[in-house]
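Dear colleague,

Here is the structure that I promised to pass on to you.

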Amino acid sequence: MLLTITATPPPGAEWPATDLGFLLHKNPDRVQAFDVTYGKAHVFYPAAGPQECTAALLLEVDPIALVRGRGRNAPDFALSQYVNDRPYAASSLLASALGNVFRTALRGRCDQRPDLAATALPLRVEVPALICREPQLAVELFEPLGWTVAAEPVALDPAFPEWGASRYTSLTLTGTLRLSEALSHLFVLLAALDGAKHYWVASDEVDKLVRAGEGWLGAHPLRGMIARRYLARRQPLVREALARLAEVDDVEPEVLDNAVGFDGEPVQESAPDAVPAKERKLSLATARREAVVETLHEAEASRVLDLGCGEGALLRDLLKDKAFTEVVGIDVSARALQIAARKLHVDRLPDRVKARLTLRQGALTYTDARLAGYDAAVLMEVIEHVDAHRLPALEHAVFRAAHPRAVVVTTPNVEYNARYETLEAGRFRHSDHRFEWTRAEFRAWAERVAAAHGYDVRFKPVGEVDPELGPSTQLALFTLAKSPTNENLTNENLTNENLTNDNPKEASADV
Ligand code: SAH
């Protein structure tokens, strides 16, 4: 199985084509071999000049390893009788090898040439023998992603044209894309083209699919089919993947690159305005961020903590808006913070934008004196990731110790899950969710927390509102109560006993 990737810098470009080697983290001067699950992958460069550079990934499948299998990823016994159909499996084996060998490039990381990693480059990808009986399918999968696709059936035997076409397609993709995008398309779609035979599927494949598909798969017209085929039609996994893609995915990469304005002036207007109304409706994630930003404006916040900031989607919106003079992103996951830094192009931000941003690792279940004194803290889709028995520690750290003037919390409304047709009854929207609450449960929690810590609380619906089941996302805005009792609720004199103080304060109301 062979795949080649060719970079051809446009005329006048200031980078030689051989910089492809930096992006792939593979030196063009060397032939390298890597052990992969079912064989050996070789990377070499058939051409490496300043105008054109081609990297080749050659996968040598070891049939013995394929039959014997190893570890939990091994094909099961019943399937092993089919493994002599090696070419069939080769697409997904190639996808898997690509994911291993070019893992860093797939994530878009390149410390030597970060600018180039973030730039769309003229690329050509060739897969001379792709397992795909219907070339048209390859066209339909790759074309919506901005590729020009040439997919030709390969004759079974050119000497006997009457024998017709083989099961192979010769595929050539050309387009101007970031290398990481190109690799993520290949990683997902070569496996998907292999259909039901991507047989080592384990539940972490959902994570891989959601991560690799981020930014494009959620909006792909054939996303359902791609997820089904990638996940070998394991329905529960497919449902989870589709629900998560609907949740996480936005229409945004290009829109944001333009609208964020990090290359020049930060723009005032919010990016989603550039997205057609129809697409906006698709993205609950966008609606949620808009609602949070609007709520922060309502609270007249300018110094804001984004607690559990994840990969930084909200931070990006906050930085675009000059009303927010200081923006601090905290997350327990170093990896999420790295991705946030990359997505925000922290290294390329103009100084005055960079000066407003801090990214810091931290666990919200521990108090942190550095979080005190802010106007507002946001917990967007975070509390449901915290074990219920640890929530009191988070409440203490945020509402008591950090004690901002306002706190915005969003969380799924579990009642609405019935409207997600792809989500099996009783399952949460994300496998990492420890709980999902009804409207009544969220309200009870929020009112108890508000009362215990001297806040008033109001609730807002986010996303589509079902007349019976309520909104998809629920949002609560906590603001420090202006009652005289609050003056006594300072950080110093609050003790742990107050954590369970259930005294109802003022009545809460919908906004
Ligand atoms: N707010 C982001 C991310 C939500 S996912 C958004 O809406 O897009 C939940 C995030 O909370 C993850 O990034 C996870 O790493 C983080 N998280 C979960 N528990 C945490 C804890 N105890 N302390 C800090 N961050 C936590």
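The notes below go from the whole chain to single elements and residues.

This is a predicted model, in which local features need pLDDT of at least 70 and side-chain atom pairs count only at pLDDT 80 or more, while totals for chains, interfaces and linings use all residues. Residues are numbered from 1 along each chain as its sequence is written, and side-chain values use heavy atoms, with hydrogens and water left out.

The chain has 20 helices and 15 strands, where helices (H or I, at least four residues) and strands (E, at least two) are DSSP runs numbered from the N terminus. Of its 511 residues, 51% count as buried, a term that means under 20% relative accessible area, with exposed being over 50% and partly exposed in between (1.4 Å probe, protein chains only). Among contacts (heavy atoms within 4.5 Å) with a separation of 6 or more, 74% are between residues 24 or more positions apart.

The axes of helix 7 (residues 135-142) and helix 8 (residues 179-193) come within 11 Å and cross at roughly 150°; axes here are lines fitted to C-alpha atoms, for helices over the stretch in contact, and angles run from 0 to 180 degrees between N-to-C directions. The two helices are therefore roughly antiparallel to each other, the word used for angles over 145 degrees. On the helix 7 side, L137, A138, L141 and F142 meet H185, L186, L189 and L193 of helix 8. By class, this contact has seven nonpolar, one polar and no charged residues, where Ala, Val, Leu, Ile, Met, Phe, Trp, Tyr, Cys and Pro count as nonpolar, Asp, Glu, Lys and Arg as charged, and the others, Gly among them, as polar.

Helix 15 (residues 313-320) is largely enclosed by the rest of the structure, because seven of its eight residues are buried; R316, D317 and K320 are among them.

L20, which lies in helix 1 (residues 20-24), is buried, with a relative accessible area of 1%. Leaving aside neighbours within four places in sequence, L20 is in contact with I5, A7, Y45, C53, A55 and L179. Another cysteine, C309, is buried with a relative accessible area of 7%. With a disulfide taken as a pair of cysteine sulfur atoms within 2.5 Å, the count comes to zero.

With best wishes

Notes. Parallel < 35°, antiparallel > 145°, perpendicular 65-115°, else oblique.
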